Number of protein chains: 2
Amino acid sequence: MTQALGPDGGLAAALRRTLDGRWSAVRDDVRALPAELVVPRLELTDVEAQRALVAERLQALAARGHGRRGLPPAHGGDGDVGGGVVAFEMLGYGDLSLLVRSGVQWGLFGGAVLSLGTERHHELLDDIASLRLPGCFAMTETDHGSDVQSLRTTATYDESTDELVVHTPYDGATKNYIGGAARDARLAVVFCQLSTRGKPRGVHAVLVPVRDQQGHPCPGVTVADCGVKAGLNGVDNGRLAFDHVRVPRTNLLGRYGDIAPDGTYSSPVDDPDRRFFTMLGTLVRGRVSVAGAAGAATRLALTIAVRYGEARRQFSRPGGAAGADEVVLLDYRAHQRRLLPALATSYALAFAQDELVGVLHDLSTRPGDARDGSSADGDVRADDVAGRQHAQRELESRAAGLKAVATWHATATIQTCREACGGAGYMSENRLPALKADTDVFTTFEGDNTVLLQLVAKGLLTAYREEFGSLDTRGTVRFVVSQVAGTVIERTTALQLIGRLVESARSRDGEGDVLDRGHQLSLLEQREEHVLDGLARRLRRGAADGVDPFELVNDAQDHLLLAARAHVDRVVLEAFVAGIDRCDDDAREVLERLADLHVLSLLERERGWFLEHGRMSTRTARSLPGHLDQLCAALRPHASALVDAFGIPEEWLGATIV
Amino acid sequence: MTQALGPDGGLAAALRRTLDGRWSAVRDDVRALPAELVVPRLELTDVEAQRALVAERLQALAARGHGRRGLPPAHGGDGDVGGGVVAFEMLGYGDLSLLVRSGVQWGLFGGAVLSLGTERHHELLDDIASLRLPGCFAMTETDHGSDVQSLRTTATYDESTDELVVHTPYDGATKNYIGGAARDARLAVVFCQLSTRGKPRGVHAVLVPVRDQQGHPCPGVTVADCGVKAGLNGVDNGRLAFDHVRVPRTNLLGRYGDIAPDGTYSSPVDDPDRRFFTMLGTLVRGRVSVAGAAGAATRLALTIAVRYGEARRQFSRPGGAAGADEVVLLDYRAHQRRLLPALATSYALAFAQDELVGVLHDLSTRPGDARDGSSADGDVRADDVAGRQHAQRELESRAAGLKAVATWHATATIQTCREACGGAGYMSENRLPALKADTDVFTTFEGDNTVLLQLVAKGLLTAYREEFGSLDTRGTVRFVVSQVAGTVIERTTALQLIGRLVESARSRDGEGDVLDRGHQLSLLEQREEHVLDGLARRLRRGAADGVDPFELVNDAQDHLLLAARAHVDRVVLEAFVAGIDRCDDDAREVLERLADLHVLSLLERERGWFLEHGRMSTRTARSLPGHLDQLCAALRPHASALVDAFGIPEEWLGATIV
């Protein structure tokens, strides 16, 4: 490792061990990649030059086996699903176009072939991993993005030739923004409305060759280029339209719905809606990966801004001569208040991400299969299957929530870092412009954040209804606690700790101390309960009053978004507490203060809610800025160690100001 | 005009007449520019191609007399200072690189020659206006940006040759990020520490030739290119270093400090600090202009997002078949809540900007000169001079505050618009990426926003001290009211109206209705008073306790920023009220609701403060989301008219999605 540790190096090392967590070996593996393979070439503006560079780098990654990490051993991989996601995340310290392009090839394209395909398709996995077969993932259409169920591309089975006919019925059904489509992809996973024997079967995925070996579009396939984008210009996003393109029936990725030669349709999941959501559920890895990449990009931006803030001086101390005894930027309280709470929340999200990857990994690598209710392992009992289905739903919900919160945090924090570096932050050579522009789309791709948070809220409401039915809404405490207890997340000790902390805080008289961890946890838990309970009552009342369902839910959108946020806020703080619980002793004190800074910033921002719901006194609310100032002052000496702990190799930083 | 007005056209026209305001003729003049001159070429990525295009367009603007608008008639201009700023703002609907490049040439470079120079320099103004003399404004250095008083470039008078020696003493004193320096500028206004007869005289500006007619750097001048930036790549930002470059003594822009041939220094302003701030004060036009441009870019982004929101459909109504009866994005309450409050605040800021431009214009075009206390007009009396100095200070403070708030609003709103357009918003062809990237630097150039808000707060504290001295802090109401009454802003009627509204709201019993305009004004006034009063007491107490001055002010930075924001919030709402007071009758109803939406969004965001200071009941605070939903629902049918009212020519929109 070339990571230079400063005088606070012991602290940085301890923090790093804690942050690196379960996949520390994978992280070090990626850190060992040569800088010339991953550091963005910020001076390149020509789109074709950027694409060519990324294509070349992707080949180099493939040659190093990067495409195999997440594959099951049966397909030549090492079966390390979590490691694959973590490796992807680590590329977020490098070239984000390379990251996204690798995600398209191995995560989306390869992932769809693996998850939605059957054995006949799995033969392709080796070529996908090695990049001998470059592909793309053609889901989004011009007119339909978030609403995948309404896609308009069709795939109609023709018994007479044993072929599927893939067709774009009108311009708005053109596949759009498809990474890999404009230049490199030869095979596309095309999501379309399947029909056989004249009956619609819902959205399925079909493999459609889009380019021949020479790179020319296949007959009937029209390829267009999306052209210049805000960022990620090393990714060749394009458009695909199909004019009655014929592919063999066996090109249907038929795991969840297959066609026999005579046109008979069969599926292991009877209910069409459940089948659709089961298919989409297999793609959860993409959202987990984006949340991870957003985290890495945010930490890189903070590293640059903190280092600049430590080096840059501006204005003299009062009484000093102009230009003498100038103050380091990071000594200004306002500068600390901009950067350090964002840094604290970045730690919180890193712990939450680590947990999420763990859940994904464990669910993906256990024997049996939770997703379709069938079992590949005869020993798996029914309640285990139900447990897995529950776990899968929780994973999907948590991935959606964390993806939304982490990517918005990235957008806001990278913006703050840019501004904290002034004019220098605006120069491409200092990396912040590309970090901003490249990550900007994270908030709307792999699921629009606003839509995702509504999904989270709807999931919470479903669980709430299952728990309470038509009962009165008393006892949501019990509900949330049982939900916590039912979590699949591996932190048994921490879970007990959290319960104890909350219990102890609630047993005390008076308002509670905002610096008490149990009280902090309790406040976020109360907010989640109260918001969800109010939302459920509001919807039930409206339904009882005969309000039009669309109007009812539409008017409550703000409430839905708040419920989802409140949920994610609680989950993230609990992950932070669990992270501290298993941290290196040398890191504990600083992490405790960092957790305070994270949660008190949140409480200050949301204090309106706590005040108007009688959950916080005005005295406490007014004390928050003072606490934040003190926490910033206490953490300021450790700012460098806190970013050094991310372990971004020095040669990767690539910003001239650091 | 090619502006297509929809069915709501009468409303759009009435709103537009109100928004266009005093300089409507100038606005129409700029709107009449051919699209091929101003619409950005979004497909260009090559930096040199972008610079060449902007240089060519700037010539075309010069040929149309754009460089003369703000010049006094004596120098061949039309003396319309306000019109010049408004014309600059209108270019914000076009190519932002062209806007900034024109601002560098005519605003900063030309403005410095006009304001800081004397007759001998004013001969250059004609060549500057026509672009025969391209120049740049070399203030910022690598090590000193916001702290102009500490710049390190030196200009030393050499009596023996009657020359000034301009020198860059070390790398950190290199002029940096200078627009025009990398490619086109031939003459630079260089800010440097002047010394003569061995004595330092503080920062002054000197004209230094940097390129010859062939475009080669002049001897002793080192030019470097800042390279690729986040945006504004049509502007050739560069670095300038000087190695003992000799220029004639008369190149000193000597209005506020001149040197006689024998080296004697003289200035009309004795106090060096006051001299420095007087010189900087002449540059206020730049900040007013940036605030205006930020407003235009924001309105353009909102126009694109609202039109997309009206056209794009996603998800079916409940109970409908997938893909049938799909809902227009802007019918979703969450979508309205993202775009409409931002639109409302954009109206508020447009009115505030219009007021500010009016003050700038009136102060700049009245006989006499407020800035140096001297008088070019023998009839100007002493109290008039004092009044002008007060007015100039208020103008500078308001320009700083509005620049900060308007540019942050631009950054946040353009981001929201990008996200509201999903993947389409990420494509360069839809303009939002360039709008985002180009305006991003507005928050830190022409004064870093955080620094500017602290200047505003310090100005408020100074006025506060002048008013109260060491008195008790009772009666701040009187102070703020007197400050309002003392305003130079031309809205006598509106001022009386505001007073009446507040008076009437305060005379009523009970908490007050958040939909009552007087109560809204009163709430923002109370917040400003209370925050400022608390800040003053805090600082006084700390000083009395002997706290180190740096620590005292540093710990209070958050408080300073809040005081400045509270001040700007009040000023902006008052400008909105004044704008409605003089609006077209057909626009009144919608503007009233829009003002409600603006102020209620602000109150909802800031309700923590009002609650914790007992200025709002929890019941009222909890009613705010419901009010916002209702206001959004009420305004939603007018969304298109509200953006059509900006009068952006159709051919300028240049986004494929609108």
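B:Arg101 lies in helix 6 of chain B, which spans residues 96-116. The model described here is predicted. In this model B:Arg101 is buried, because its relative accessibility of 3% falls under the 20% limit.

A:Asp20 is found in helix 1 of chain A, residues 9-20. Its relative accessibility is 6%, so A:Asp20 counts as buried. With neighbours within four places in sequence left aside, A:Asp20 is in contact with A:Arg27, A:Asp28 and A:Arg31. A:Gly447 stands 427 residues from A:Asp20 along the chain. The C-alpha atoms of A:Asp20 and A:Gly447 are separated by 27 Å.

The relation between the two chains was considered next. Chain B superposes on chain A by a rotation of 180 degrees, with 0.0 Å of shift along the axis. The RMSD of this superposition is 0.0 Å. The relation is therefore that of a two-fold axis. Among the residues of chain B, B:Gly608 comes closest to the rotation axis, with its C-alpha at 2.0 Å. Both copies use the same surface: 100% of the contact residues of chain B recur in chain A.

Aromatic pairs were then counted. Over all chains, the count comes to 14 aromatic pairs. One of them is formed by A:Tyr332 and B:Phe550. The ring centres of A:Tyr332 and B:Phe550 are 6.0 Å apart. Their planes make an angle of 65 degrees. The pair is edge-to-face, because 65 degrees is over the limit of 60. This pair crosses between chains. On one side, A:Tyr332 sits in the loop between strand 13 (326-328) and helix 11 (333-365) of chain A. On the other, B:Phe550 belongs to helix 19 of chain B, residues 549-555. A:Tyr332 is buried, with a relative accessible area of 14%. B:Phe550 is buried as well, at 8% relative accessibility.

A further pair is formed by A:Phe550 and B:Tyr332. The pair of A:Phe550 and B:Tyr332 is edge-to-face, at 6.0 Å centre to centre and 65 degrees between the planes. A:Phe550 lies in helix 19 (residues 549-555) of chain A, while B:Tyr332 lies in the loop between strand 13 (326-328) and helix 11 (333-365) of chain B, so this pair joins two chains. A:Phe550 counts as buried at 10% relative accessibility. B:Tyr332 counts as buried at 13%.

Charged groups also sit over aromatic rings. The ring of A:Phe550 has the charged end of B:Arg317 over it, 4.3 Å from the ring centre. The ring of A:Phe646 has the charged end of A:Arg299 over it. In that case the distance from the ring centre is 5.8 Å.

The strands of chain A provide an open sheet. Three strands form this sheet in the order 4-8-7, with antiparallel pairing. Its edge strands are strand 4 (175-178) and strand 7 (221-225) of chain A, each of which pairs on one side only. With direction ignored, neighbouring strands of the sheet are turned by 20 degrees against each other on average. Strand 4 of chain A pairs with strand 8 of chain A, residues 238-242, over two bridges in the antiparallel sense. A:Ile178 has A:Gly238 in strand 8 of chain A as its bridge partner.

Chain B was examined in the same way. Three strands of chain B form an open sheet in the order 4-8-7, and the pairing is antiparallel. Strand 4 (175-178) and strand 7 (221-225) of chain B are the edge strands. Each of these edge strands pairs on one side only. From one strand to the next, the twist averages 20 degrees. Strand 7 of chain B is joined by five bridges to strand 8 of chain B, residues 238-242. These two strands run antiparallel. Within this pairing, B:Val221 stands opposite B:Phe242 in strand 8 of chain B.

How values were computed
Residues are numbered from 1 along each chain as its sequence is written. Chains are lettered from A and ligands numbered from 1 in the order in which they are written. This is a predicted model: local features need pLDDT of at least 70, side-chain atom pairs count only at pLDDT 80 or more; totals for chains, interfaces and linings use all residues. Side-chain values use heavy atoms; hydrogens and water are left out. Rings of Phe, Tyr and Trp (its six-membered ring) pair if their centres lie within 6.5 Å; planes under 30 degrees apart count as stacked, over 60 as edge-to-face and the rest as tilted. Helices (H or I, at least four residues) and strands (E, at least two) are DSSP runs, numbered from the N terminus. Buried means under 20% relative accessible area, exposed over 50%, partly exposed in between (1.4 Å probe, protein chains only). A charge sits over a ring if NZ of Lys or CZ of Arg is within 6 Å of the ring centre and within 35 degrees of the ring normal. Two strands pair if DSSP finds at least two bridges between them. Axes are lines fitted to C-alpha atoms, for helices over the stretch in contact, and angles run from 0 to 180 degrees between N-to-C directions. Contact means heavy atoms within 4.5 Å. Copies are superposed by least squares on the C-alpha atoms of residues with pLDDT of at least 70 in both.
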